[in-house]
Amino acid sequence: MTPHIKQINILDLMEMYGEDSCRALLSTFICPLNLDAEYVIGGKTVYIECNNQPKLFDFYSSSGFLAFDKRNRQGSVNENDVLIQMLKYFNH
(Lines give C-alpha, C1' and ligand atoms only; values in the text may rest on other atoms or scores of the structure.)
Protein backbone atom coordinates (compact mmCIF):
# COMPACT_ATOMS: atom_id res chain seq x y z
CA MET A 1 0.00 0.00 0.00
CA THR A 2 1.39 3.38 -1.02
CA PRO A 3 1.27 6.07 1.70
CA HIS A 4 -0.71 9.20 0.92
CA ILE A 5 1.33 12.37 1.27
CA LYS A 6 -0.39 15.74 1.52
CA GLN A 7 1.32 19.07 1.05
CA ILE A 8 -0.05 21.83 3.24
CA ASN A 9 0.59 25.53 2.76
CA ILE A 10 0.92 26.85 6.31
CA LEU A 11 0.45 30.48 5.26
CA ASP A 12 -2.89 29.62 3.63
CA LEU A 13 -4.02 27.89 6.82
CA MET A 14 -3.02 30.90 8.92
CA GLU A 15 -4.93 33.25 6.63
CA MET A 16 -8.07 31.08 6.65
CA TYR A 17 -8.18 30.12 10.35
CA GLY A 18 -5.92 32.58 12.15
CA GLU A 19 -2.53 31.94 13.69
CA ASP A 20 -3.83 30.68 17.05
CA SER A 21 -6.12 28.06 15.49
CA CYS A 22 -3.40 27.03 13.05
CA ARG A 23 -0.87 26.68 15.87
CA ALA A 24 -3.28 24.52 17.89
CA LEU A 25 -3.97 22.26 14.91
CA LEU A 26 -0.35 21.87 13.88
CA SER A 27 0.87 21.31 17.42
CA THR A 28 -0.79 17.91 17.32
CA PHE A 29 1.49 17.00 14.40
CA ILE A 30 4.76 18.86 14.94
CA CYS A 31 4.79 19.36 18.71
CA PRO A 32 3.44 16.22 20.36
CA LEU A 33 2.97 16.67 24.08
CA ASN A 34 3.11 13.03 25.06
CA LEU A 35 6.23 11.46 26.50
CA ASP A 36 6.44 8.92 23.68
CA ALA A 37 7.39 11.50 21.02
CA GLU A 38 10.34 9.36 19.98
CA TYR A 39 8.00 6.54 18.99
CA VAL A 40 5.20 8.73 17.59
CA ILE A 41 7.42 10.61 15.15
CA GLY A 42 10.07 7.94 14.63
CA GLY A 43 12.77 9.81 16.53
CA LYS A 44 13.23 12.88 18.66
CA THR A 45 14.32 15.25 15.90
CA VAL A 46 12.08 16.96 13.33
CA TYR A 47 13.58 18.62 10.25
CA ILE A 48 11.58 21.00 8.06
CA GLU A 49 12.20 23.37 5.19
CA CYS A 50 10.06 26.46 4.81
CA ASN A 51 9.78 29.35 2.40
CA ASN A 52 11.83 32.41 3.24
CA GLN A 53 8.85 34.42 4.51
CA PRO A 54 9.00 36.23 7.87
CA LYS A 55 5.51 35.19 9.03
CA LEU A 56 6.20 31.52 8.35
CA PHE A 57 9.69 31.69 9.86
CA ASP A 58 8.31 33.38 13.00
CA PHE A 59 5.60 30.72 13.30
CA TYR A 60 8.10 27.86 13.32
CA SER A 61 10.59 29.75 15.50
CA SER A 62 7.93 30.38 18.13
CA SER A 63 7.15 26.64 18.04
CA GLY A 64 10.73 25.83 19.03
CA PHE A 65 12.33 25.23 15.63
CA LEU A 66 15.85 26.60 15.10
CA ALA A 67 17.14 27.73 11.71
CA PHE A 68 20.52 26.24 10.88
CA ASP A 69 20.97 26.74 7.14
CA LYS A 70 19.25 27.59 3.87
CA ARG A 71 19.41 26.17 0.37
CA ASN A 72 18.40 27.29 -3.09
CA ARG A 73 15.12 25.82 -4.23
CA GLN A 74 15.80 23.04 -6.73
CA GLY A 75 15.35 24.17 -10.31
CA SER A 76 14.98 27.86 -9.45
CA VAL A 77 16.99 30.44 -11.37
CA ASN A 78 16.26 33.17 -8.79
CA GLU A 79 19.11 33.23 -6.25
CA ASN A 80 16.73 34.67 -3.61
CA ASP A 81 14.36 31.68 -3.94
CA VAL A 82 15.64 29.78 -0.91
CA LEU A 83 14.24 27.37 1.64
CA ILE A 84 15.11 27.88 5.31
CA GLN A 85 16.19 24.63 6.98
CA MET A 86 14.96 24.28 10.57
CA LEU A 87 15.35 21.66 13.27
CA LYS A 88 13.56 20.82 16.52
CA TYR A 89 14.69 18.31 19.13
CA PHE A 90 12.03 16.93 21.48
CA ASN A 91 13.57 16.58 24.90
CA HIS A 92 10.48 15.45 26.81
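This is a predicted model: local features need pLDDT of at least 70, side-chain atom pairs count only at pLDDT 80 or more; totals for chains, interfaces and linings use all residues.

**A close look at the sheet**

Gln85 is part of strand 3. Strand 3 as a whole is mostly covered, since six of its eight residues are buried. The side chain of Gln85 reaches a polar contact with the side chain of Tyr47, at 3.1 Å. If we skip neighbours within four places in sequence, Gln85 is in contact with Tyr47, Ile48 and Glu49, and also with Leu66, Ala67, Phe68, Asp69, Lys70 and Arg71.

How many bridges hold each pair? Strand 1 and strand 3 are antiparallel and pair over seven bridges, while six bridges join strand 2 to strand 3, again antiparallel.

Let's follow Ala67 for a moment. Ala67 lies in strand 2, and with 44% relative accessibility it counts as partly exposed. Leaving out neighbours within four places in sequence, its contacts are Phe57, Ile84, Gln85 and Met86. The C-alpha atoms of Ala67 and Glu49 are separated by 9.3 Å, and these two residues are 18 residues apart along the chain.

Further along strand 2 (residues 66-72) we find Arg71. Is Arg71 buried, exposed or partly exposed? Arg71 is partly exposed, with a relative accessible area of 30%. Its bridge partner in strand 3 is Leu83. The C-alpha atoms of Arg71 and Val82 are separated by 5.4 Å, although these residues are eleven residues apart along the chain. The side chain of Arg71 also makes a polar contact, at 2.7 Å, with the side chain of Glu49. Beyond neighbours within four places in sequence, Arg71 is in contact with Glu49, Asp81, Val82, Leu83 and Gln85. That brings us back to Gln85, whose own contacts include Arg71.

Let's return to Met86 and see what it touches. Not counting residues up to four places away in sequence, Met86 touches Val46, Tyr47, Ile48, Cys50, Phe57, Tyr60, Ser61, Phe65, Leu66, Ala67 and Phe68. As a general rule, nonpolar side chains tend to be buried together in soluble globular proteins. Here, the largest nonpolar core has 15 residues, and Ile10, Tyr60 and Met86 touch the most other members. Which elements give two or more residues to this core? They are helix 1 (10-17), strand 1 (45-51), helix 4 (54-62) and strand 3 (82-89). Helix 1 gives the most, with four residues.

In helix 1, the buried residues are Ile10, Leu11, Leu13 and Met14. These residues cover an arc of only 160° around the axis, which puts them on the same side of helix 1. On the other side of helix 1, Glu15 and Met16 are exposed. Just after helix 1 comes Gly18, with a positive phi of about 90°.

In helix 4, the buried residues include Leu56, Phe59 and Tyr60. Looking down the axis of helix 4, its buried residues fall within an arc of 90°, so they line one face of the helix. Helix 4 is followed by Gly64, where phi is positive too, near 95°.

Note on methods
Residues are numbered from 1 along each chain as its sequence is written. Side-chain values use heavy atoms; hydrogens and water are left out. Buried means under 20% relative accessible area, exposed over 50%, partly exposed in between (1.4 Å probe, protein chains only). Contact means heavy atoms within 4.5 Å. A polar contact is a pair of N or O atoms within 3.5 Å; within protein, one must be able to donate a hydrogen and the other to accept it, and residues adjacent in sequence count only if both atoms are side-chain atoms. A nonpolar core is a set of buried Ala, Val, Leu, Ile, Met, Phe, Trp, Tyr and Cys residues joined through side-chain atoms within 4.5 Å. Two strands pair if DSSP finds at least two bridges between them. The arc is that of the directions from the helix axis to the C-beta atoms.
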